[in-house]
Amino acid sequence: MAANVNHTYLSYLVFSTLGLSSLCLIEARKGGFNVELIHRDSPKSPLYNPLETTSTRVTNALRRSFNRVHRFKPTSVSIKTAEAYLIVDDGEYLMNISIGTPAFNIVAIVDTGSDLIWTQCKPCSQCFKQNATLFDPSESSTYKTFSCSASQCENLEGNSCSNNKSCQYSVFYGDNSFSNGDLAADTLTLASTTGRPIAVPKTVIGCGHNNDGTFDEKTSGIISLGGGDVSLISQLGTSIAGKFSYCLLPISKTGQSSKMNFGSNAIVSGNGVVSTPLAKKSPTTFYFLTLEAVSVGSQRIKFTGSSFGTDDGNIIIDSGTTLTLFPEDFYSELESAVSSKINATKVDAPEGLSLCYDARTEFAVPDITIHFTDADVKLQPMNTFVLVSDTVACFAFNSFQDFSIYGNLAQMNFLVGYDTDKQTVSFMPTDCFKN
């Protein structure tokens, strides 16, 4: 059954925590905890620009998204180079957290496709401009650098040893941005559902003294949610039982917020839940799923694979990529099927999009279902078409070389849960405003 396209467009969030008294991580295991999700373009967001139009926001988001995709290049998909191909100016989320004792607030880009947590630090021989004060590790009583012989140093790709035998990290990004500095441990503080933040002692972080590139001045570094050993998710470890979930709000709920959950709070259960296995592949940073087909109405189009493989783990799920991207041949067949079922006037597509229609008259769009292994995810019109201006709506899928990435537009109004212990990702249709 066809559905009418809604006037809704891109969903981008920032993460915000509450600055209250701390709660230990052990206590958090009892009930889990969460952080608040705030739309990137909400007035609550530090990135909010009231002068931007809808089309400008869409254009900027698509630019960031396609820049980001370069880090998934097949030649880059290895344990050694995974971090090197993150495009740092494409982050669609921010997280306000605290580092050190006493707690020092920072704002950093959140990324589900990278591992090392780092922030700019004093003294800084070369730093990109940021509005906030730099973190001064000398003022934190819990800050401690690692020696070159420490296991945390030896297991980190891109490590080196300073003259005083302290461990140094280096990360380089696909747009020539970079960060270099001390590998250290300090207390990281996150918000809790109890209203008291969670203190995570001895968190491995990078303290950057030499950083530059295309970073936003409202941010100070990177918060990593990937699957690698030093990501936030991995370091929270048994305290969250490998579980986290999020619910991405539609843009129509600008000014509202939802939550990202950790631990027992992140369990996705109830009517309509479907789960698909995570595929174990290198690099462990990325979350690989297996796509079998995409249906447009009753027409099922078999997915033949991508640069990530033809069988298990042939697509990455990524909260920082805007569109859902497929290899060119498969996308062409998909677009043809969608186009054949829409009775509307086609118009020229802006850069980064392919199939667009005149939206001044409401039109019906076909049902689209994503068939992952063991999980059929039926999308809503807000997941499949995006309003790029007052008069133009475009298909929220496209091709990009031989990539396959399940983007964040397709995840709006779904509770998406990751269980890295059971190696599954679950989807449940959800009104993220109410949940």
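Q: In what order do the strands of the open sheet with β22 and β23 come?
A: The order is β22-β23-β28-β27, four strands with antiparallel pairing. Strands here are DSSP runs of E, at least two residues, and helices are runs of H or I, at least four residues, numbered from the N terminus. Two strands pair if DSSP finds at least two bridges between them.

Q: Is this a predicted model, or what is it?
A: This is a predicted model: local features need pLDDT of at least 70, side-chain atom pairs count only at pLDDT 80 or more, and totals for chains, interfaces and linings use all residues. Residues are numbered from 1 along each chain as its sequence is written, and side-chain values use heavy atoms, with hydrogens and water left out.

Q: Which strands are at the edges of that sheet?
A: β22 (346–347) and β27 (385–387), each of which pairs on one side only.

Q: What is the bridge partner of Lys346 in β23?
A: Tyr357.

Q: Now the open sheet with β18. What is its strand order?
A: It runs β19-β18-β25-β26, again four strands, paired antiparallel. β19 (299–302) and β26 (375–379) each have a single partner strand, so one side of each is left without a neighbour in the sheet.

Q: How many bridges join β18 to β25?
A: Five, between residues 291–296 and residues 368–372. Val294 has Ile370 as its bridge partner in β25.

Q: Which strands does helix α5 lie across?
A: Helix α5 (residues 328–340) lies across β18, β19 and β25, at about 170 degrees to β19. α5 also lies across β22, β23, β27 and β28 (392–395), at about 135 degrees to β28. Contact means heavy atoms within 4.5 Å. Axes are lines fitted to C-alpha atoms, for helices over the stretch in contact, and angles run from 0 to 180 degrees between N-to-C directions.
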